[in-house]
Amino acid sequence: MDDIAVGPLDLAARVDDALAVQAVAFGLSAEEVGVRRHIVLRHLTCPGARALGATTGDGRLVGFVYGMPNDRAHWWSTIVEPYLRATGYENWLDDSFVITELHVHPAFQNRRIGRTLITSITADADEPRSILSAVDRESPARALYRKLGYQDLARQVHFPSAPMPYAVMGAKLPLLG
Ligand SMILES: CC(C)(COP(=O)(O)OP(=O)(O)OC[C@H]1O[C@@H](n2cnc3c(N)ncnc32)[C@H](O)[C@@H]1OP(=O)(O)O)[C@@H](O)C(=O)NCCC(=O)NCCS
């Protein structure tokens, strides 16, 4: 990733560029992009919300990550809480930095950009651990998270309106190299 710089991202200013990356990396319809846009902008008003971007030399955004200290009152937390209570990991909702989104444009994947983004954003977290959710199937994302030390805290987690079940994963910080 010699020609790619990873650094702080003004995600509110670059939200459309970021969602364009997410749309092609993760698969979002135009309608879903519109919904996500509101959600991202609302997330950015949360205390401690931070974003990092991966940009080419000419300023093109090709990857991003954002997250925040977990808040049990947030929608995501209220959905996963009963699943984590059932598996005995509910306390992971406290003192955790939650990774809300991580996406790298397919043309730039497998160049350690995703790894650098998530390792860098969690390196600056005050919290001793990190949690996230990922579609509950074998994928580059699940493989990457496991390599970094994330373990399954709950599986087959159903979010309203999401067709696929998710796994909730957690890792102690700092992440494994
Ligand atoms: C997950 C994602 C962000 C990873 O970004 P990336 O820049 O391609 O990942 P990296 O190059 O940093 O890869 C890091 C590790 O992930 C694993 N990995 C990456 N691509 C993989 C693949 N196609 N198959 C299996 N493992 C893979 C490797 O183990 C790799 O480890 P290594 O660096 O020791 O070789 C990217 O694949 C992506 O955007 N996917 C689609 C969107 C998505 O699923 N986002 C996560 C939502 S929870």
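Q: Angles under 35 degrees count as roughly parallel, over 145 as roughly antiparallel, 65 to 115 as roughly perpendicular and the rest as oblique; which of these words describes α1 and α2?
A: This is a predicted model, in which local features need pLDDT of at least 70 and side-chain atom pairs count only at pLDDT 80 or more, while totals for chains, interfaces and linings use all residues. Residues are numbered from 1 along each chain as its sequence is written. Helices (DSSP runs of H or I, at least four residues) and strands (runs of E, at least two) are numbered from the N terminus, and angles, from 0 to 180 degrees, are taken between the N-to-C directions of axes, lines fitted to C-alpha atoms, for helices over the stretch in contact. Helix α1 (residues 15-27) packs against helix α2 (residues 30-43) at an angle of about 130 degrees, with the axes 10 Å apart, and the two are therefore oblique.

Q: Is the crossing of α1 and α2 left-handed or right-handed?
A: A crossing is left-handed if the near helix is turned anticlockwise from the far one by less than a right angle, and right-handed if clockwise. The crossing of α1 and α2 is right-handed.

Q: How many nonpolar residues has the contact of α1 with α2?
A: Two residues are in contact if their C-beta atoms, placed from the backbone, lie within 7 Å. Helix α1 contributes V15, L19 and A23, and α2 contributes V33, R36, R37, V40 and L41. Ala, Val, Leu, Ile, Met, Phe, Trp, Tyr, Cys and Pro count as nonpolar, Asp, Glu, Lys and Arg as charged, and the others, Gly among them, as polar. By class, the contact has two charged residues, no polar ones, and a nonpolar count of six.

Q: How many residues has the largest nonpolar core?
A: Such a core is a set of buried Ala, Val, Leu, Ile, Met, Phe, Trp, Tyr and Cys residues joined through C-beta atoms within 7 Å. V168 is among those with the most contacts inside the largest core; leaving aside neighbours within four places in sequence, V168 is in contact with V80, Y83, L84, I131, S133, L153, A154 and V157. The number of residues in this core is 42.

Q: Is H105 buried or exposed?
A: H105 lies in the loop between β4 (96-104) and α4 (113-123), where H105 touches V21, V24, A25, V62 and G63, not counting residues up to four places away in sequence. A residue is buried if 20 or more other C-beta atoms lie within 10 Å of its own, exposed if 12 or fewer, and partly exposed in between. Because H105 has 20 such neighbours, H105 counts as buried.
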